[in-house]
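Hello,

Here is the structure we spoke about, with the sequence alongside. My notes on what was found follow below.

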Amino acid sequence: SATLYSIVQTAKANGLVPYDYLVHVMEEIMHSEHDPEKLAPWSVILD
């Protein structure tokens, strides 16, 4: 739970809606090869 809390709080700190960010990350992981650095909250730009 601490890991998930940390991810959610980091997403918030980077101006992202946590739910939208988590959905984006899960979709990227399922549909393509992914670079973990590109999925970090400070690297993601959501539409």
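Helix H2 has 14 residues, and from its first C-alpha to its last it reaches 20 Å, close to the 20 Å expected at 1.5 Å a residue. Please bear in mind that this is a predicted model.

Which residues of H2 are buried? They are Pro18, Tyr21 and Val25. Looking down the axis of H2, these buried residues fall within an arc of 65 degrees, so they line one face of the helix. What they pack against is helix H1, residues 2-13. On the other side of H2, the exposed residues are Tyr19, Met30 and His31.

Val25 is worth a separate note. Val25 lies in H2, which covers residues 18-31. Buried means under 20% relative accessible area, and Val25 counts as buried because its relative accessibility is 12%. Between the C-alpha atoms of Val25 and Ala13 the separation is 17 Å, with the two residues twelve apart along the chain.

Next, the core. In soluble globular proteins, nonpolar side chains tend to be buried together. Which residues form the largest nonpolar core here? It has six residues: Ala11, Leu16, Tyr21, Val25, Leu39 and Val44. As for Ala11, once its neighbours within four places in sequence are left aside, it is in contact with Leu16, Pro18, Tyr21 and Pro41.

Some totals for the protein:

- There are two helices and zero strands.
- Of the 47 residues, 21% are buried.
- The C-alpha atoms fill a box of roughly 25 × 25 × 15 Å along the principal axes.
- The accessible surface is about 3700 Å², and carbon and sulfur atoms account for 58% of it.
- Taking contacts between residues at least 6 apart in sequence, 33% join residues at least 24 apart.

Last, the annotation. An unreviewed UniProt entry lists residues 6-42 as "domain: Transposase IS66 C-terminal". In the model, the chain over residues 6-42 is 59% helix and 0% strand. The end C-alpha atoms of that stretch are 13 Å apart.

Regards

Terms used:
Residues are numbered from 1 along each chain as its sequence is written. This is a predicted model: local features need pLDDT of at least 70, side-chain atom pairs count only at pLDDT 80 or more; totals for chains, interfaces and linings use all residues. Side-chain values use heavy atoms; hydrogens and water are left out. UniProt positions are given in the numbering used here, feature names are shortened, and annotations may be inferred rather than shown by experiment. Helices (H or I, at least four residues) and strands (E, at least two) are DSSP runs, numbered from the N terminus. Buried means under 20% relative accessible area, exposed over 50%, partly exposed in between (1.4 Å probe, protein chains only). The expected span of a helix is 1.5 Å times one less than its number of residues. The arc is that of the directions from the helix axis to the C-beta atoms. Contact means heavy atoms within 4.5 Å. Accessible areas come from the Shrake-Rupley method with a 1.4 Å probe; for residues, only the protein chains shown count as cover. A nonpolar core is a set of buried Ala, Val, Leu, Ile, Met, Phe, Trp, Tyr and Cys residues joined through side-chain atoms within 4.5 Å.
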